[in-house]
Every structure is written in structure tokens, then in C-alpha cells.
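Dear colleague,

I am passing on the structure we spoke about, together with notes on what turned up in it. Please open it beside this message as you read.

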Amino acid sequence: MKQSVYEKYVEDVNNLLCSVDEENLKNIIMEIANCEGTVYMIGNGASASMASHFSVDLMKNSGIKTVCFHDPAFLTCYSNDFGYDKVFSQKLLELGQANDILLAISSSGNSKNIINAAKVAKKLKMKVIGFSGFSNDNKLKNIADLSLYLEGNTYGKVEISHNVILHYIIDIITEFKTTE
């Protein structure tokens, strides 16, 4: 029986999810669960939506302090005053501390504003957790202390997979925090 286009798409997403290094994912979960500072979250487009959703759920369900840079007034003000390539890095310079984490989501892993923020976070001695896809040599993957890279070749497949993994992280941390 011939596989439908939908079944092939689901199979491709499943293969991406199954390719995740479980030890690396465990390390990411432990870093976030044990964060003594703030988890800052950034992304563009759909990745920004995921960062926002993850931020709310993580704080609500586990009590971890989170901040997501997604407010339209902030984005337009900082983009206007500092340039879009510095929209996130400038805010991290103002707020970031050594015990904080930057969780950066970029399907391509090469968005200039995400890369600039990751570089600033590293200078501030923050942990950088990167979620990326597409090319194995993307900049975010190479900058991040912990990287969740998916070798997907379309935004949809990479974004869906990132979203599934973020929800998984929330569920695991919530379960861990409620049994402490």
C-alpha cells in the first residue's frame, strides 16, 4: 500500500524526533530544571511563538522564573533604537546574569539577532541552550553550550519537532518539580 503524503510527513517528523540525542536532551532538561536564575527565551516568527508558549507553561507549571522577549512594544522600540540584529542582545546586556540561561530557538540556526544574543549571553557567563535545524554547521549549534539540533530540511518539520520537544521538557520538569 502506497504511503500518503501526510503519512510521509509524519514519518519524517517522527524520524527527526527519534534522532535526538537522549543524553543531550537529559542535560538540557537538568540545566533548565536546576536554573537558579532566569530562563530567557527568544525566537523569530513561529519560534517566537514557541518561546512565548514555553515560557508561560514552564513558569506556570514548574515555578521556574522565565522571561520571553516577545512584547511588540519592546520589539519595535529596541529594533528602532538598536537595530533588529541587536533586539535581543541589547536586552540581555541589561538583564542577564551569570546564573541565567538563554534558550534560543532558530530553525535555521543562523538568524543574526539570535546569534548576537547567544554571543552576549556567553560573555555574561550565561548558559546557552540552542534549538536549531537545517544545516549541521549552523552558527547557533556551534555557539550553544547545549544544542538540540534537528537535521530537518523544512521549517514545518523542524518547528513541529521543536514544539514537541519543548512540551516534553515541560512535562518532565513539571513531573520532577511536583515530586520533590
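This is a predicted model: local features need pLDDT of at least 70, side-chain atom pairs count only at pLDDT 80 or more; totals for chains, interfaces and linings use all residues.

Residues are numbered from 1 along each chain as its sequence is written, and side-chain values use heavy atoms, with hydrogens and water left out.

I begin with the interior. A nonpolar core here is a set of buried Ala, Val, Leu, Ile, Met, Phe, Trp, Tyr and Cys residues joined through side-chain atoms within 4.5 Å, where buried means under 20% relative accessible area, exposed over 50% and partly exposed in between, with a 1.4 Å probe and protein chains only. The largest such core holds 29 residues, and the members that touch the most others are Ile32, Phe54, Leu103, Phe131 and Ile169. Two or more residues come from each of α2 (22-33), β1 (39-43), α3 (46-62), β3 (101-106), β4 (127-133), β5 (146-150) and α8 (155-178); these helices (H or I, at least four residues) and strands (E, at least two) are DSSP runs numbered from the N terminus. Beyond its neighbours within four places in sequence, Ile169 is in contact (heavy atoms within 4.5 Å) with Leu25, Ile28, Ile29, Ile32, Phe54 and Phe131. A second, separate core has 21 residues, among them Tyr40, Val87, Met126 and Leu140.

Next come the cysteines. With a disulfide taken as a pair of cysteine sulfur atoms within 2.5 Å, the structure holds zero disulfides. Cys68 is in none, and the nearest cysteine sulfur to its own, that of Cys35, is 15 Å away; Cys68 is buried at 13% relative accessibility. For Cys77 the closest cysteine sulfur is that of Cys68, at 17 Å, which is too far for a bond, and Cys77 is partly exposed at 34%.

The aromatic rings deserve a careful look. Rings of Phe, Tyr and Trp (its six-membered ring) pair if their centres lie within 6.5 Å, and planes under 30 degrees apart count as stacked, over 60 as edge-to-face and the rest as tilted; by this rule there are six aromatic pairs. Phe74 and Tyr78 have ring centres 4.8 Å apart and planes at 50 degrees, so they form a tilted pair. Both residues lie in helix α4 (residues 72-82), four residues apart, which is about one turn of the helix. Phe134 and Tyr155 form an edge-to-face pair, 4.8 Å centre to centre with 80 degrees between the planes, and this pair links distant parts of the chain, 21 residues apart, with Phe134 in the loop between β4 and α7 (139-143) and Tyr155 in helix α8. Phe134 is partly exposed at 23%, as is Tyr155 at 48%, and Phe134 has a positive phi of about 60 degrees although it is not a glycine. Ring pairs also link Tyr40, Phe69, Phe74, Tyr78, Phe82 and Phe88 into a cluster.

Finally, there is strand β4, in which six of the seven residues are buried. β4 runs parallel to β3, joined to it by six bridges (strands pair if DSSP finds at least two bridges between them), and Phe131 in β4 is the bridge partner of Ile105.

With best regards
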